[in-house]
Amino acid sequence: MNLKLAIPALILAILFGCSKNDYTKYVDPNIGSVSTLLTTKNPTVHRPHSMVRVFPVTEPGLNDRYLSDKIYGFAINMPAYRMGKVSEIMPVHGEVYADRKLNAAVYDHDLEEVHPWYHQVILEEPEILAAWTTTEQAVLYRFEFSTPDSNSIVLRTKNNAKIEINQNTIAGWEEFQGSKQFFHGEFDQSVQGTGIIKNGVINPNETSVNGNSVAAYVEFEKLAAPVELRFGISFISEEQAKENLISQAANKSFDEIKDISCQIWKDNIGQIEVKGGTERQKRIFYTSLYRTKVRMVDISEDGRYYSGYDKELHQSANRPFFVDDWLWDTFRSSHPLGMILDPEREGDMVQSYTSMYEQDGWMPGFPQFYGDFPAMIGFHSAALVWDTYQKGEREFNVGKAYEGLKKNAMKATMLPWRVGPMCVLDTFYLENGWYPALAENEPEPVAMVHGFEKRQAVALTLEHSYDDWCLAQLAKALNKTEDYNYFMGRSQNYRNVFNAETGFMSPRKANGEWVADFDPQLSGGIGSRMYFAENNAWPWSFNVMHDIYGLIDLMGGNKAFVERLDRLFNQPTNISKWQFMGQFPDATGLNGMFPAGNEPSFHIPYLYNYAGQPWKTQRRIREIMDMWFDDAPLGLPGDEDGGALCAWYVFSGMGFYPVTPGTGLYAIGSPFFEEVKIHLPADKTFVVKANKCTKANKYIQSARLNGQSINRPWIKHTEIMNGGVLELEMGNRPNKNWGTDTSWYKKEIAKLNRN
């Protein structure tokens, strides 16, 4: 290979490849690959919601992946929470080492081409051009070596695994959390030699190996063309992995597969078209849209799927079975976005949740391919099911779903990062209406409580109040009046942790007393986890999405509520900022005490709408999008979990946001595009026009919906899905007469509660 020729060819491919004249040219998978503090994103190649997701493996321990100048391999990621990479492939020139670090290769982002459907890098020191593209259940690698001899391809595993080489094929499995991912790979060139690596020892000429962290390699000599490795995966069997590879990639070239994947992404990304805005805003917007299409993952294979919930093979009746969801994050924005762009898929996802309940006995919260992962807090499957049902997508077993949701609500533990039956703290909650807290230095007497995550007592009470509201609404829709009344009563439990003297949601002990000397900013340890989840009482005190006017009343009415919101965005840290961030590493994108990068804060900037001052929402939203998001590797203000943070940006860029999933209502913000066109099912479109929209012109002067003047800062889901035009006149000074009457929203909520 002549690298001097390869570099200009790479540049031409970027300029004139599939991305020409479509919105995929704005997608940069490297955005978010350096973090503000915690986790980063991989530049993942995949098809939307597919099993195969491939990315470069960079310097171990260096979470800011973009900063690594070496690649250790190219991994396929299992549908598992922040873990589970398997089948790490690495081309090697020269000697193969047992220590993977010795075969790592230097690369340069300036010589890289990366898209959602295709990634190419130059491994500089061994002079190898590496590229890969994917189908739903297969990956195609292409390696162009600079010299014809002494070349190898190594397959390394991380967990218990088996690998077998047979002529030009390599097959086996790797186990993770009691479930297996099977693989079948085929080389298009004749293999000249083989070897295995086990326990740090290389055994040449061997073709089979099993055990923990084993590896195998094949050798090539006298190469006259690039080597292709086609690699199918399955959760069912090696035979199914081979069948997946054949059915999806046989009789198609690498470039044909790449072009098909490109077109799939072009269609998906093009579902939302924008005009106006800056190139930077488009790059952030469309990369965010790409990120929302990673999860959930369809693991059905030829009408069957393996379930990690009962470790059995099931017939899927040609309906997708989805796993890999981070529901604490995704119920807020990712799933609501899906209900606009692809509601039928959302119905399939809800049915998948329901099937998991039938197989396992509990409704999951973080469903992975191997089973439920005990993460975060809340039973937000109630929000997912109710929001989907309420918005009209009902092609799932709603009776069975309700059964599972009610079982969770009545019999499952609420403890953070735990799943299974209730403990004494949960019984206390059902009997008293708040989760009991401990004093800051009081030892934990309940063994089931997570040593690091603690009780998060106030946050549990708040989140379950919302979940119970969702469950109550579903009960009413199913004519379960007694259940409706019971869960509506529980939905008011948030009031039990509001301390009227301080004006904050606060920890309350089992005896009913408030925890003494509680500091809303600093109490509770790391992430305030004794009382809250990841952040402190300042943002969490606004976490009553289902009863916003009840919260406003508790805080003293509209004027006092707005003053509290203003103070949230301006409240300084009581200690040095570096100390504060050490205690609250999730408080990224920190604006006063408002953490833009943390999920429970997503809805807060929109709350001004509910207190009659929507122009403040318009300003805050623009400031957050402009300040805390960027089109560079350091482009995300916090953890991008399951597409939730990016979905917030997509919604906000379009000009509206689902503050309360389950109401069918969206709060209007301030779009930064002159026009947004959403292509909906049934060939309908919904258009948001922002006339005279500029950086300064962020304030709505007036609004029309389908030509009719509206004076409300909300829009209905049905108004979007029926198609139409929302036209906003923008200006550089707030119109304090537009959208200030909140009676429309109150009537809609009353109507929802009455029906």
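Helix α11 (residues 457–477) packs against helix α12 (residues 481–490) at an angle of about 165°, and their axes are 8 Å apart. Because of that angle, α11 is roughly antiparallel to α12; angles over 145 degrees count as roughly antiparallel, those under 35 as roughly parallel, 65 to 115 as roughly perpendicular and the rest as oblique. The crossing of α11 and α12 is left-handed (the near helix is turned anticlockwise from the far one by less than a right angle). On the α11 side, Ser465, Asp468, Trp469, Leu471, Ala472, Gln473, Ala475 and Lys476 meet Asp483, Tyr484, Phe487, Met488 and Arg490 of α12, where contact means heavy atoms within 4.5 Å. The residues of this contact divide into 7 nonpolar, 2 polar and 4 charged; Ala, Val, Leu, Ile, Met, Phe, Trp, Tyr, Cys and Pro count as nonpolar, Asp, Glu, Lys and Arg as charged, and the others, Gly among them, as polar.

The model is predicted, so local features need pLDDT of at least 70 and side-chain atom pairs count only at pLDDT 80 or more, whereas totals for chains, interfaces and linings use all residues. Residues are numbered from 1 along each chain as its sequence is written, and side-chain values use heavy atoms, with hydrogens and water left out. Helices (H or I, at least four residues) and strands (E, at least two) are DSSP runs numbered from the N terminus. Axes are lines fitted to C-alpha atoms, for helices over the stretch in contact, and angles run from 0 to 180 degrees between N-to-C directions.

By class, the contact of α7 with α8 has 4 nonpolar, 3 polar and 1 charged residues.

The whole structure holds 5 cavities of 30 Å³ or more. On a 1 Å grid over the protein atoms alone, a cavity is a set of points where a 1.4 Å probe fits but cannot get out, and a pocket is an open set with protein on both sides within 12 Å along at least five of seven lines; lining residues have an atom within 4 Å of a point.

| Space | Volume | Lining by class |
|---|---|---|
| Largest cavity | about 170 Å³ | 4 nonpolar, 7 polar, 6 charged |
| Second largest cavity | about 60 Å³ | 4 nonpolar, 5 polar, 2 charged |
| Second largest pocket | about 510 Å³ | 7 nonpolar, 9 polar, 6 charged |

The largest cavity is lined by 17 residues, and His49, Thr292, Ser334, Gly338 and Glu346 lie nearest its centre. Helix α6 gives the most to this lining, with 5 residues. His49 has a positive phi of about 60° although it is not a glycine, and His49 is found in the loop between α1 (3–16) and β1 (54–57).

The second largest pocket has 22 lining residues, of which Gln390, Lys391, Gly664, His717 and Thr718 lie nearest its centre. The elements that give two or more residues to this lining are α8 (381–390), α11, α19 (717–721) and α20 (743–754).

Finally, the peptide bond from Arg295 to Met296 is cis, with omega near -5°. Met296 lies in the loop between α4 (279–291) and β20 (297–298).

Note on methods
Points joined across faces, edges and corners; volume = space filled by probe spheres on them.
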